[in-house]
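Good morning, and thank you for coming. I would like to present one protein chain to the group. Please look at the sequence and the model before I continue.

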Amino acid sequence: MQSESKLLNATNIIILLNLIMFGVQNQIQNASLLFGLNILFFKYGFYYQLLSTMFVHGGIAHIAMNMMVLFQFGTIIEQAIGKIRFLLIYFIGGIFTSIGTLAYMYYTGNWANVIGASGAICVLLGWFALKDKTQRQGIITWIILISFAPLLLGLPVAWYSHLIGFALGWLMGYII
């Protein structure tokens, strides 16, 4: 029974939902635009994008990297604080990261189609960095690398979502 509960933890369920959505998005034309976070939020009232963006990914490498990091840190955090608090941090933090990302794009006029779970994952990393001082430097280095190294390679990355998520996770660490 113990191994069954470890398999059905919230982290693994979120990963499974991401994998299912990845399969679904590859069957729907323009799914990334419909479910990603972009100007359609304002133009057509696609308010669901605040949540759906966390489940849409740009390819196998994108989802694989995000799910590996989610598995590694999500499992540790969920075991430490429990399923409910973990889910609150992940989803409330992820939605507020989406709101912050929209605000950034709106006020800078720098519109993009933001997809992926990394904003919500960065919330977890921010929370974890606040709580575990021994891991803090490594996590901050990782956030900087995943936010800016792809830009040097010419790859599009919503670095601002990573930083917003990390900051929100840090702040949530004082509350949750």
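Predicted model: local features only at pLDDT ≥ 70, side-chain atom pairs only at ≥ 80, totals over all residues.

I begin with the overall make-up. The chain has ten helices and zero strands. Read from the N terminus, the order of elements is therefore simply α-α-α-α-α-α-α-α-α-α.

How does the radius of gyration of the chain agree with that of a compact globule? For 176 residues, a compact globule would have a radius of gyration near 16 Å, and the chain has 16 Å, so the two agree. Along its principal axes, the C-alpha trace spans about 45 × 35 × 30 Å.

Next, the surface and the interior. Of the 176 residues, 45% count as buried. The accessible surface comes to about 9,500 Å², and carbon and sulfur atoms account for 70% of that surface. As for contacts, consider those between residues at least 6 apart in sequence: 73% of these join residues at least 24 apart.

Helix H6 covers residues 60-81 and helix H7 covers residues 83-108. They pack at an angle of about 135°, and their axes are 7 Å apart. That angle makes H6 oblique to H7, because angles over 145 degrees would be needed to count as roughly antiparallel. Which residues meet here? From H6 there are Leu70, Gly74, Ile77, Glu78 and Ile81, and from H7 there are Lys83, Arg85, Phe86, Ile89 and Tyr90. By class, this contact has six nonpolar, one polar and three charged residues.

The second pair also involves H7. H2 and H7 pack at an angle of about 40°, with 10 Å between their axes. H2 is therefore oblique to H7, since an angle has to be under 35 degrees to count as roughly parallel. On the H2 side, the contact involves Ala10, Thr11, Ile14 and Asn18. On the H7 side, the residues are Lys83, Phe86, Leu87, Tyr90 and Phe91. Sorted by class, the contact of H2 with H7 has six nonpolar, two polar and one charged residues.

Finally, I come to the single residues. Glutamine 25 is found in helix H2, which covers residues 10-25. Is glutamine 25 buried or exposed? Its relative accessible area is 7%, so glutamine 25 is buried, because the cut-off for buried is under 20%. Leaving aside residues up to four places away in sequence, glutamine 25 touches Ala31, Ser32, Phe55, Val56 and His57.

Threonine 75 has its place in helix H6. With 13% relative accessibility, threonine 75 counts as buried. Apart from residues up to four places away in sequence, threonine 75 touches Thr11 and Leu70. Threonine 75 and valine 24 are 51 residues apart in sequence, and their C-alpha atoms are 25 Å apart in space.

Thank you for your attention.

How values were computed:
Residues numbered from 1 in each chain as written. Heavy atoms only, no water. Helix = DSSP H or I, 4+ residues; strand = E, 2+ residues; numbered from the N terminus. Rg over C-alpha atoms; globule rule 2.2 N^0.38 Å. Buried < 20%, exposed > 50% of the residue type's maximum accessible area, 1.4 Å probe, protein only. Contact = heavy atoms within 4.5 Å. Areas by Shrake-Rupley, 256 points an atom, 1.4 Å probe, with all protein chains shown as cover. Axes fitted to C-alpha atoms, helices over the stretch in contact; angles between N-to-C directions. Parallel < 35°, antiparallel > 145°, perpendicular 65-115°, else oblique. Nonpolar A, V, L, I, M, F, W, Y, C, P; charged D, E, K, R; others polar.
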